[in-house]
Amino acid sequence: MQRRQFLSRSLAASTGAALGASFAPFVHAQGPLTPLKFTLDFRVTSQTSPFFLALAKGYYREEGLDVRIDVGAGSVASITRVASGAYDLGLGDLSSLAEFQSQNPTAPVQAIYQYYQRAPFVIIGRRDRGITDDFLSLKGKRVAAAAVESTRRCWPMVARALQTGPDLFEWVTTDFSARDNVMVRGDVDAATYFHDSAVSLFARMPAKDLAVLDYGKAGLHLYGNALLAGRLLQEKPEAARAFVRASDRALREALANPDEALAAVKAREPILNLEVERERWAIARQYLSPPDLPPGALGRVQPAVLGRQLDEVATVFQLAAKPAPERVFNPGFLPASGAKGAA
């Protein structure tokens, strides 16, 4: 843990040589920096490399921020981390956020930037077990998933879209870290993944032997992990806006040219394999900025799409009260038109 904190705090100063002279960090001359704690949804990988790019290139410091980035414990856990005040910001699942708000109506946590424009939820099955590109081929199969994770919890939405029952197959509860092993050994027939997290499985099983069942192919348009903030929005709103501006700027640069972002995340986690991370990023970008994303929509939500998602969440999660769209997603912290990187 001490090593991670040291690397996180010193990254902006230490990566200049690794990433090139142009990455020399900006020195904020306006006074003391505002410290912010940001929790990822999971491990440090290229999926979240834009945040490390913003750190490495000094974009946060340029905005007057001293940002610490920590690993996460899942896209649902990030919500409670932010709501409790343990973290100022985090990456968390939008559907789970709506459920949390329904159960905790006074909790201050909201989404302020839509990172995943499409939720990268997939079930990956073994073709030698009879699983095809048809979701209905999962009937009677054993599917591994962690006890509390977004892909598993949103499965009933897919079942509704397919007009089948949510008990189409049997869930086998396992840890995140064990999914690849149980798949390779054949203990289960399939497993849930964030699509971009499945590169570890792809490295162990040939792609031709696997069927990737994307929730979006079932007709669902679900927003995935979003940038969340809690008390920060009331206590230091300008700091929240500054963090979003810097992160948005870095995301756009990473989408245009991933090499710098990959170098930044490699500097944070030297054990990462860059070729694997390049493959992971190639998958992730399809969900961060899909081909059909309207111009200027990066980081934003479409009200009609969000409304339909909240209707699904309220039905599937049996919410006592459905939170209003503006309660779930607050657009007031998005970069203004004309800001660096903004469309």
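**Entry 1, helix α15.** I started with α15 and found V305, L306, G307, Q309, L310, E312, V313, A314 and V316 buried; buried means under 20% relative accessible area, exposed over 50%, partly exposed in between, with a 1.4 Å probe and protein chains only. A reminder to myself: this is a predicted model, where local features need pLDDT of at least 70, side-chain atom pairs count only at pLDDT 80 or more, and totals for chains, interfaces and linings use all residues. Residues are numbered from 1 along each chain as its sequence is written, and side-chain values use heavy atoms, with hydrogens and water left out.

Helices (H or I, at least four residues) and strands (E, at least two) are DSSP runs, numbered from the N terminus. I then asked what covers the buried residues of α15. The cover includes α6, α7 (150-153), α8 (155-162) and α16 (325-328), with contact meaning heavy atoms within 4.5 Å.

I also checked the length of α15 (residues 303-316): its 14 residues should span 20 Å at 1.5 Å a residue, and the end C-alpha atoms are 20 Å apart, which agrees. The expected span is 1.5 Å times one less than the number of residues. Just after α15, I noted that Q318 takes a positive phi of about 55°.

Next I looked up S95, which sits in helix α6 (residues 94-103). Is S95 buried or exposed? Its relative accessibility is 1%, so S95 counts as buried. Leaving out residues up to four places away in sequence, S95 touches C154, M157, Q309, V313 and F317. I liked the pair S95 and L310: they are 215 residues apart in sequence, yet 7.2 Å apart in space, C-alpha to C-alpha.

Two strands pair if DSSP finds at least two bridges between them.

I followed β1 (residues 34-39) to both of its neighbours. With β2, β1 pairs in the parallel sense over 6 bridges; L36 stands opposite V67 in β2, and K37 stands opposite R68. In a regular strand the side chains alternate between the two faces of the sheet. With β3, β1 also pairs in the parallel sense, over 2 bridges, and the bridge partner of T39 in β3 is G90.

I went back to β1 and β2, which pair in the parallel sense over 6 bridges, to see what packs on them. Axes are lines fitted to C-alpha atoms, for helices over the stretch in contact, and angles run from 0 to 180 degrees between N-to-C directions.

How many residues of α3 are buried? I counted 8 of its 8: S49, P50, F51, F52, L53, A54, L55 and A56. Just after α3, G58 takes a positive phi of about 80°.

The axes of α3 and helix α13 (residues 258-268) come within 8 Å and cross at roughly 85°. That makes α3 roughly perpendicular to α13; angles under 35 degrees count as roughly parallel, over 145 as roughly antiparallel, 65 to 115 as roughly perpendicular and the rest as oblique. At this contact, S49, F52, L53 and A56 in α3 meet E260, A261, A264, V265 and R268 in α13. I sorted these residues into 6 nonpolar, 1 polar and 2 charged. Ala, Val, Leu, Ile, Met, Phe, Trp, Tyr, Cys and Pro count as nonpolar, Asp, Glu, Lys and Arg as charged, and the others, Gly among them, as polar.

I found another open sheet of 5 strands, in the order β7-β6-β8-β5-β9 and with mixed pairing. Its edge strands are β7 (170-173) and β9 (210-214), each pairing on one side only. Strand β6 (residues 142-145) pairs with β7 in the parallel sense over 4 bridges, and V143 stands opposite W171 in β7.

To finish, I noted 16 helices and 10 strands, with buried residues making up 55% of the 343 residues.
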